[in-house]
Amino acid sequence: MDNGSIVFGAAKDVITPCVKTTPMGFGGVFGMPFREIHDDLYVRTLVLEDSAENRLVLISLDLCFHDDSLTEALREFAREKYGVAHDNLFVGYTHTHFGPAVKGYDFNFYEPAYEEFLFTRITQCVGRAFLSRCEGHIAHGTAEGRWNISRRLKKDGKILFAPNPEGETDNQIDFLKLSDRAGGIRALLVNYACHPSNLKERLAISSEYPGRLCQILERNYYGCTALFFQGFGADSKLRIGADGDHFTPIGYDDCDKAASDMAERIDESLRAKRLLPLDLQIGSKTFKIPVPLEIYPKSYFEKESETHSGRPGVRFDKTHVNDNCPDLLLWACADYVTEHYDELPGKIDLNCGVIRLNPDFYIFTVGGEPSFDVKKVLSTAIPGKKAMFFGYSDAVAYIPSDKIIAEGGYEAEGSVTEYRLKGRIAPGIDELLIKNFTDAVNALEKS
């Protein structure tokens, strides 16, 4: 290879359900089959190989979530077939709430036939990414914009789930440009932090704004595959959906406008040619952080079950799907915790990782739904270095910082039942994150 060049390959494939499934992510449609397909869902894969023939595989899926069993199965597949080290494969989810139910977040209505189809499509996509490998170059760029808005509003001493124009959000898009030896853009990896879930039509399959952004970028650059990796944006939503003191579901035209604005800003950055070339020196380290919970009494979840079912003493089962009750999803989750209370752990195992692109540029990965303040906390682990931050790698919990835990709100405590946890994440998570990520960076620097 020429000096500074790398080997890379990219591919995508459709993962839109080919069997009838239920959508994922909203209590109001829990267990109800989707009615239509507005736009396709995709798996997108990027393979990177440095001069020492270290291989890195990055997979983005237009799904809400999956548990980590899928990632582990894909790591085993990539190790056996392509010699990819276990820690050198990462799976991220764009977190569209308009995809099918899958294992992890939804434990009632996922379809085994779709799980089999999904694994096959992903492994085929990985294979095509390896087959498409070529020599070229990689560079990092950024774009700025105010497309998101904080959804944490303090009012009367409480944190409400409402638009907060003064709240902190991550306004930066990071991207990696992969170009071939002739200079053609063959892949764009985009990293942005903003929770989806804004569309009006909740029973239609859609990749929402992350998928639309990828479609536009692929249209703009012939032969390009675009990949979206969700950042630490669990506490923000699209600004276009903010309407005074509440969020209004948006239409597909609004989604298109937000994605088009993002794409135009990325295009402007590409045209300005102010990108940072990267000399790849790939290294990765994955690890689990045991995060303690503040345990709630069993009576809390019994009360949650009554509140969300509207039927005191009645247990959830699938026959209740068409019943009129406040929230089927939270009813099912509260019942699960009540039934399994004694065996549920008093902690979560948070899947994390550090990917070194070179000694001055890293990718930090955190499972679950990390908030923007977690990025601020973790940035202290790499002073003087650049990094991108990938969240949403599995369905485990909202991940707050100590600051957010102290403030309260949905990300700190309101989502406990939804994730079938025995309690909220306990204070002290900042120290756990900084220590484990600092140790991982130091280990990679010594390797």
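A: Happy to. Let's start with H140, which counts as buried because its relative accessibility is 7% (buried means under 20% relative accessible area, exposed over 50% and partly exposed in between, with a 1.4 Å probe and protein chains only). This is a predicted model, in which local features need pLDDT of at least 70 and side-chain atom pairs count only at pLDDT 80 or more, while totals for chains, interfaces and linings use all residues. Residues are numbered from 1 along each chain as its sequence is written, and side-chain values use heavy atoms, leaving out hydrogens and water.

H140 sits in strand β6 (residues 134-144); strands are DSSP runs of E with at least two residues, and helices are runs of H or I with at least four, numbered from the N terminus. The side chains of H140 and D174 are joined by a polar contact of 2.7 Å (a pair of N or O atoms within 3.5 Å; within protein, one must be able to donate a hydrogen and the other to accept it, and residues adjacent in sequence count only if both atoms are side-chain atoms). Setting aside neighbours within four places in sequence, H140 is in contact with D174, F175, L176, L275, L276, L278, F361, K386 and M388, where contact means heavy atoms within 4.5 Å.

Now for the helices. Helix α3 (residues 208-220) packs against helix α4 (residues 252-272) at about 45°, with axes 8 Å apart; axes are lines fitted to C-alpha atoms, for helices over the stretch in contact, and angles run from 0 to 180 degrees between N-to-C directions. Among the residues making this contact are Y209 and L213 of α3 and A259 and I266 of α4.
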